Amino acid sequence: MMINNKKNQRFFNPSIFPKSRKGQIAEGLTWVIATIAIIIILLISISLTTFYTKDREIKKDFFTDSANQKSVLSYLLTKEPSGEIVYSDIKKEGNLKGASGDIALKVFNGLYKDNYQEIWIGVSNIGEGAISTSLNGIKNEFFGTKNPLSDPSSLSVGYTGAYSSIIPLGDNKFFQAIFVRKP
Amino acid sequence: MKNKIIFDKEGSETTITIYWFAILIIVAVAIVYMISSAYGKPYDVRGIEADILANNIADCISEGGYLREGTLTDSSFKANFLKQCKLNFKVEESFAKGNGEYYVEVIAYDFDTNKRTNSDISYGNPALRQYCELKGKTLPACTQKNIYLLDSQQNKYGVTIVAVVNKADKNV
């Protein structure tokens with residue numbers, strides 16, 4: 001009879017516990033706290049869902065600037081007054097100098113200055129960064145010093161909201177164009 | 001006395017059953033609300049669509065840093081623009097409205113003198129162009145890209161590509 005009784009009892013049936021007055025209070029309190037906990041968890045989940053799904057516009061970060069690559073290629077293929085193309089000049093000089101810098105200012109500042117917060121065009125060396133190898137920008141007289149925090153190609157920096165175009169020049173040097181978006 | 005105990009037992013069981021049903025219903029309603037708020041409305045992808053459209057046109061008119069031959073400087077390119085650039089402006093019938101849901105404009109100018117060449121191209125619904133200056137969730141998405149290009153004779157061009165996508169019914 002005893003065995004049958006136990007078998008038929010439900011898991012949450014309070015009669016399976018011996019009840020003193022203190023026990024009843026403790027048990028009642030557990031129920032109240034459990035209910036509050038469930039409601040709090042649900043409210044947090046609902047507010048998180050509402051927050052993350054509020055703006056249903058997909059950001060266009062990955063597509064926006066890829067057309068800039070075309071300008072970069074055309075810039076590097078442009079003939080300077082000396083008859084040499086910009087790419088060869090930069091490769092030879094190891095940096096933007098003279099006509100290559102003037103053309104870069106005209107092309108990139110002329111076309112993109114209003115659309116971007118920061119534009120840096122120049123030559124970078126491969127070097128040791130804080131965590132891994134990174135491209136260390138060489139200062140030039142046209143675009144100044146590269147801000148290492150705006151370089152999306154640096155693994156140690158991570159996502160920066162910027163677009164970078166990199167063209168190898170040889171001898172561990174790279175031509176680099178960085179376009180930092182406005183916030 | 002015995003009857004009272006049985007009555008109390010049954011009462012507490014009923015209370016707990018009702019409580020669990022109430023909790024179950026609250027949790028179910030919350031889950032349904034969260035799912036419907038996450039998936040109930042469409043994502044607005046018009047901005048990306050306009051960007052992809054402009055990028056495709058940029059790919060169509062340039063190749064390896066040079067202006068592709070037979071494009072902006074060729075009069076037959078303008079007539080067959082959609083076919084040449086492999087673009088399709090058709091939309092599902094249920095979303096098709098008026099004169100079309102897309103508009104593209106390609107303006108080329110001499111980069112040194114800023115003088116426009118006679119190779120401007122516009123296609124689609126021109127009424128959408130006016131919304132590029134305005135901002136609003138239900139207004140068409142507009143994107144503008146500027147690129148610098150050379151032709152094989154080292155002539156320098158600035159090209160402005162404007163792409164507008166309406167499709168508000170489908171995305172908003």
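Is A:Lys70 buried or exposed, and why does it count that way? Please also describe what surrounds that residue.

Analyst: This is a predicted model. A:Lys70 counts as buried because its relative accessibility is 15%, and buried means under 20%.

A:Lys70 belongs to helix α3 of chain A, which spans residues 68-77. That helix is mostly covered, with seven of its 10 residues buried. Besides A:Lys70, the buried residues of α3(A) are A:Asn68, A:Ser71, A:Val72, A:Ser74, A:Tyr75 and A:Leu76. For chain A as a whole, 36% of the 183 residues are buried. The chain has five helices and four strands, and from the N terminus the order is α-α-α-α-α-β-β-β-β.

Next, the partner. Side chains of opposite charge can pair when their charged atoms come close. A:Lys70 forms a salt bridge with B:Asp59, at 2.8 Å from N to O. Because A:Lys70 sits in helix α3 of chain A and B:Asp59 in helix α2 of chain B, this pair joins two chains.

Two salt bridges are counted between chain B and chain A. On the side of chain B that touches chain A, α1 (2-39), α2 (46-61) and β5 each supply at least two residues. The largest share of that side comes from α1(B), with 16 residues.

The size of an interface is often given as the accessible area lost when the parts come together. Here chain B and chain A bury about 3700 Å² between them, and 63% of that is on carbon and sulfur atoms. In chain B, the residues that lose the most area to chain A are B:Met34, B:Ile48 and B:Tyr148, which together make up 15% of what that side buries. The contact involves 37 residues from chain A and 45 residues from chain B.

Over all chains, the whole structure has 11 of them. One lies within chain A, where A:Lys92 meets A:Glu84 at 3.4 Å, N to O. A:Lys92 is exposed, at 58% relative accessible area, while A:Glu84 is partly exposed at 23%. Within chain B, B:Arg68 pairs with B:Glu63, the closest N and O atoms being 3.6 Å apart. B:Arg68 is partly exposed, with a relative accessible area of 30%. Salt bridges with shared partners also connect B:Glu105, B:Arg129 and B:Glu133 in one network.

A buried lysine is found in chain B too: B:Lys145 has a relative accessible area of 6% and is therefore buried. B:Lys145 is in strand β5 of chain B, residues 141-150, and its side chain makes a polar contact with the side chain of B:Asp51 at 3.3 Å.

How values were computed: Residues are numbered from 1 along each chain as its sequence is written. Chains are lettered from A and ligands numbered from 1 in the order in which they are written. This is a predicted model: local features need pLDDT of at least 70, side-chain atom pairs count only at pLDDT 80 or more; totals for chains, interfaces and linings use all residues. Side-chain values use heavy atoms; hydrogens and water are left out. Buried means under 20% relative accessible area, exposed over 50%, partly exposed in between (1.4 Å probe, protein chains only). A polar contact is a pair of N or O atoms within 3.5 Å; within protein, one must be able to donate a hydrogen and the other to accept it, and residues adjacent in sequence count only if both atoms are side-chain atoms. Contact means heavy atoms within 4.5 Å. Buried area is the accessible area (1.4 Å probe) that two parts lose on being put together, summed over both. A salt bridge is a side-chain nitrogen of Lys or Arg within 4 Å of a carboxyl oxygen of Asp or Glu.
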